[in-house]
Amino acid sequence: MHTFTDNAGRVWTANLNVATLKRVRALAGVDLASAILVEKDGRVEASLLERLASDPALLVDALFALCKDEADKLGVSDEDFGRAMAGDAILGATDALLDEIVDFFPNPKRAILQRLVAAARRAETAARAALDKALSTDELDRAVDSLLAVSTGSSTNSPASAG
């Protein structure tokens, strides 16, 4: 089981088992068992993960269905849950969900999924480092100024007053 914290400070436990898998399917229309599929030819199919990553509403619906027992005990509605899920809370919840999906499967599929998730996290870390580097220099500002100059047909300097 993996935990995440929402923006209201509530700690949630992601616990994927057959019962919660069925509940997520029924309530959110998401089959977490097919989040990452390894085809017989070794090709990896992760279109569901891409959908979840690109649609935060779908992701939060799946998470709420996964955590519904806890939510019911706390009196948290799906709307309350959704209101408390934004920014870093979504990142933490996504990590908990991915780890829970990996742990759900028996070996050897679990080992394959662990490697895939680790590779994806390394790529994300590298991309974040490159972005941080770009933001720490004036390179980004120069690029924005250049784009603005092209789009407005002028230089980045303010034009002289007509007055």
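Modeller: Leaving aside neighbours within four places in sequence, R23 is in contact with A28, A65, L66, K68 and D69, where contact means heavy atoms within 4.5 Å. This is a predicted model, in which local features need pLDDT of at least 70 and side-chain atom pairs count only at pLDDT 80 or more, while totals for chains, interfaces and linings use all residues. Residues are numbered from 1 along each chain as its sequence is written, and side-chain values use heavy atoms, with hydrogens and water left out.

R23 sits in helix 1; helices (H or I, at least four residues) and strands (E, at least two) are DSSP runs numbered from the N terminus. At 18% relative accessibility R23 counts as buried, a word used for under 20% relative accessible area, with exposed for over 50% and partly exposed for values in between (1.4 Å probe, protein chains only). A polar atom of the R23 side chain lies 3.1 Å from the backbone oxygen of L66.

Turning to the nonpolar core, the term covers a set of buried Ala, Val, Leu, Ile, Met, Phe, Trp, Tyr and Cys residues joined through side-chain atoms within 4.5 Å. The largest such core has 39 residues, of which F4, V30, L32, F81 and M85 touch the most other members. Among the elements that each supply at least two residues of this core are helix 1 (18-28), helix 2 (47-54) and helix 3 (56-66). Not counting residues up to four places away in sequence, V30 touches V24, R25, L48, L52, L58 and A62.

As for how helix 2 and helix 3 are arranged, their axes come within 5 Å and cross at roughly 105°, the axes being lines fitted to C-alpha atoms over the stretch in contact, with angles from 0 to 180 degrees between N-to-C directions. Helix 2 is therefore roughly perpendicular to helix 3, since angles of 65 to 115 degrees count as such, those under 35 as roughly parallel, those over 145 as roughly antiparallel and the rest as oblique. Where these helices meet, R51, L52 and S54 of helix 2 face P56, L58 and L59 of helix 3. The residues of that contact divide into four nonpolar, one polar and one charged, with Ala, Val, Leu, Ile, Met, Phe, Trp, Tyr, Cys and Pro taken as nonpolar, Asp, Glu, Lys and Arg as charged, and the others, Gly among them, as polar.

Note on methods:
Polar contact = N/O pair within 3.5 Å; in protein donor to acceptor, adjacent residues only side chain to side chain.
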